[in-house]
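Biologist: I would like to learn how to read the core and the loops of a model. Could you take me through one?

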Amino acid sequence: MRSATAPVLPLVVPSLLFLLCTRSEAVRNSIDFAELRRAGRSSGNLAMNSIQNPARGSETSGSEDFAVGDKDAVVIVDHGSRRQESNLMLNDFVEMFRARTGYKIVEPAHMELAEPTIKDAFGKCVQQGASRVIVSPYFLSPGRHWKQDIPALAAEASKEHSNIPYIVTAPLGLHELMVDIMNDRIKYCLQHVAGDVDECTVCAGTGKCRLYS
């Protein structure tokens, strides 16, 4: 049985900037998650250089390019969980995002139930020299959290930094690459129940990835 490999999910980007400009290597190659985490720590420059233009806004801006500024900061926000393993997964995603997009300032935040909060992350970005903060929800659908809660929390956080503009981007929503990512996950889980691979990093230790009858 070969070692576990989990489909990597390079999803959240401001206005889906990464998903819209390159096809997921995870879908094509099933890159080992642990290797990508190491790349985020030790090979960030190489990973960033592999992307010709990480900030192309293909969905809404046609051919116009929007450069990633050195002083742009990204706060990636998930819901937050009482389960610490779920919160730590956001940290891993932030490492991947930072390594692959070119943003130098990227901070995780949880909307509720855990720290750091949006206010914490906003302040940390400013401390690192951010002149603009991009709050990007790590959410699938544009529900109440995106429409009300996250904008309200971002507005509250910005009060202490009135000279710093910010934007709350759209959540993931619908995109054709989401189909590939889900299909990749399904195929991997079927490989696991067939005994060909170990559990992925999401299911590891839970025993939940199995056939029920």
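Modeller: Let us go through the nonpolar cores and then one loop. This is a predicted model, where local features need pLDDT of at least 70, side-chain atom pairs count only at pLDDT 80 or more, and totals for chains, interfaces and linings use all residues. Residues are numbered from 1 along each chain as its sequence is written, and side-chain values use heavy atoms, with hydrogens and water left out.

Biologist: Which residues have the most contacts inside the largest nonpolar core?

Modeller: In soluble globular proteins, nonpolar side chains tend to be buried together. A nonpolar core is a set of buried Ala, Val, Leu, Ile, Met, Phe, Trp, Tyr and Cys residues joined through side-chain atoms within 4.5 Å; buried means under 20% relative accessible area, exposed over 50%, and partly exposed in between, with a 1.4 Å probe and protein chains only. Here the largest core holds 18 residues, and V75, V77, C125, V133, V135 and I150 have the most contacts inside it. At least two residues each come from β1 (72-78), β2, α5, β3 (132-137) and α6 (144-158). A second, separate core of 10 residues includes L90, F93, Y103 and V106.

Biologist: What should I look for in the loop between β2 and α5?

Modeller: Helices (H or I, at least four residues) and strands (E, at least two) are DSSP runs, numbered from the N terminus. The loop between β2 (105-110) and α5 (118-127) contains P116, and a cis peptide bond with omega of about 5° joins E115 and P116. L113 lies in this loop too; its phi is positive, about 75°, although L113 is not a glycine.
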